[in-house]
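Student: Could we go through this structure together before I set anything up? I'd like to jump between topics as they come to mind.

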Amino acid sequence: MKPVRSFASDNNAGVHPAILKALAAVNQGHAVGYGDDPYTRAALRRFKEHFGRSAETFIVFNGTAANVLSFAALTSPHHAVICAEGAHVYQDECGAPEKLTGCKLIPVPTVEGKLTVPAVERVCHGIGDQHHVQPRVISITQSTEVGTVYQPDEVKKLARFAHQRGMFLHVDGARIANAAATLKLNLRQATRDLGVDVLSFGGTKNGAMGAEAVVFFNPELCRDFLFRRKQGMQLASKMRYISAQLDALLTDDLWLRNARRSNRMARLLERELREIPGVEIAYKVEANGVFVKIPHDAIARIQKRYFYYVWDEAQDMVRWMCSWDTTEEDVKQFAEFVLAVVGKA
Ligand SMILES: Cc1ncc(COP(=O)(O)O)c(C=O)c1O
């Protein structure tokens, strides 16, 4: 069967060969389960190399869990989490954050997918009033769901705002590698050094096969997290196989090489699409996603050959994502097909 290649999602790409190799390497003999193994210890040391000695990391299976468990660690049920109205935590987690933490999520309209201090300030009211949920966490997504990237001072301002009010800044970093690559910052500079308290670290979209982590920059905040992770059904018995993936991703800059590649392919795709009359780039292309408005009829016609998601039906806006393995040829072929279809639409 001919391998299928598409621009639907960075989740649709395969696993990077270096990660598969790391999996084969740990697939030797027996190792104690539930994380008490040398491979997990090595991975956790690797996280400390990247994020600093006092950073505490907990490995989980998926990004939704990383977000939900982060919130659980930071909140009580009378708290609220402020997030962008397009945030994955608000739109795409089937209410898991609300169900499992009891907290209300407060969605905020955004421009280009980013929260700002004035926008957050508008929903921060009723503080100390027993009738209101109490804002406790600001959650941002970096890079955002629409492929934009917060600049360092934008993150710093949100962190300062949160900390001045006894709140925390959480980053959904399903694509933190793409953002750090764009900003030309290392992982610590892109998170901890900007005032982030807790990071959902994403590996899966960047070449792993189901490897994510929650990273706490203030160890005080993770005191009960071992229990929360187990209660949250995210304690992997054969943890070495997740640990090995994250260790590989954080070795020899694999995280960065993969992110740079997918970002570069998105910029190439953007350039190609800009040449096509009738295709309108909807958001700045700052990471690995390209959001475009195309003629209504073209959507289904392109989907006949390439599977992808419609992002906003009302606006005929679609999302095309690049992955660590997207090639220039993939991009050129796809753009030619879009040109052929849109030209006829
Ligand atoms: C912004 C963002 N956060 C988190 C996730 C994690 O999702 P999952 O639970 O499918 O790993 C995704 C995946 O699509 C995402 O796009």
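Student: Where is Gln-234 found?
Tutor: In this predicted model, Gln-234 is found in the loop between α9, which covers residues 225-231, and α10.

Student: And is Gln-234 buried or exposed?
Tutor: Gln-234 counts as buried, because its relative accessibility is 8% and the cut-off for buried is under 20%.

Student: What does the side chain of Gln-234 reach?
Tutor: The side chain of Gln-234 reaches the backbone nitrogen of Phe-61, and the distance is 2.8 Å.

Student: Changing topic to the ligand: where does the ligand sit?
Tutor: The ligand sits in the largest pocket, and the residues around the ligand include Asn-11, Asn-62, Gly-63, Thr-64, Asn-67 and His-88, with Thr-141, Glu-145, Asp-172, Ala-174, Arg-175 and Lys-205 also among them.

Student: Which helix gives the most to that shell?
Tutor: Helix α3, residues 63-74, gives the most to the shell around the ligand, with three residues.

Student: How does the shell split by class, I mean how many nonpolar, polar and charged residues?
Tutor: The shell around the ligand has seven polar residues and four charged ones, together with one nonpolar residue.

Student: Which distances to oxygen atoms of the ligand can you give me for Thr-64, His-88 and Arg-175?
Tutor: For Thr-64, an N or O atom in the side chain is 2.6 Å from an oxygen atom of the ligand. A polar side-chain atom of His-88 lies 3.4 Å from an oxygen atom of the ligand, and for Arg-175 an N or O atom in the side chain is 3.3 Å from a ligand oxygen.

Student: How much of the ligand's accessible area does the protein cover?
Tutor: On its own the ligand has 390 Å² of accessible area, and the protein covers 79% of that.

Student: Now the backbone: which residues does a cis peptide bond join?
Tutor: A cis peptide bond joins Gln-142 and Ser-143, with omega at about -10°. Ser-143 has its place in the loop between β4 (134-141) and α7 (152-164).

Student: What about phi at Asp-252 and Asp-253?
Tutor: Asp-252 has a positive phi of about 50° although it is not a glycine, and phi of Asp-253 is likewise positive, near 60°, in a residue other than glycine. Asp-252 lies in the loop between α10 (240-249) and α11 (254-274), and the place of Asp-253 is also in the loop between α10 and α11.

Student: One more aspartate: where is Asp-37, and is Asp-37 buried or exposed?
Tutor: Asp-37 is in the loop between α1 (17-26) and α2 (38-51), and Asp-37 is buried, with a relative accessible area of 0%.

Terms used: Residues numbered from 1 in each chain as written. Predicted model: local features only at pLDDT ≥ 70, side-chain atom pairs only at ≥ 80, totals over all residues. Heavy atoms only, no water. Near = heavy atom within 4 Å. Polar contact = N/O pair within 3.5 Å; in protein donor to acceptor, adjacent residues only side chain to side chain. Areas by Shrake-Rupley, 256 points an atom, 1.4 Å probe, with all protein chains shown as cover. 1 Å grid on protein atoms, 1.4 Å probe; cavity = no way out; pocket = protein on both sides within 12 Å on 5 of 7 lines; lining within 4 Å. Sits in = over half its atoms within 2 Å of the grid points. Helix = DSSP H or I, 4+ residues; strand = E, 2+ residues; numbered from the N terminus. Nonpolar A, V, L, I, M, F, W, Y, C, P; charged D, E, K, R; others polar. Buried < 20%, exposed > 50% of the residue type's maximum accessible area, 1.4 Å probe, protein only.
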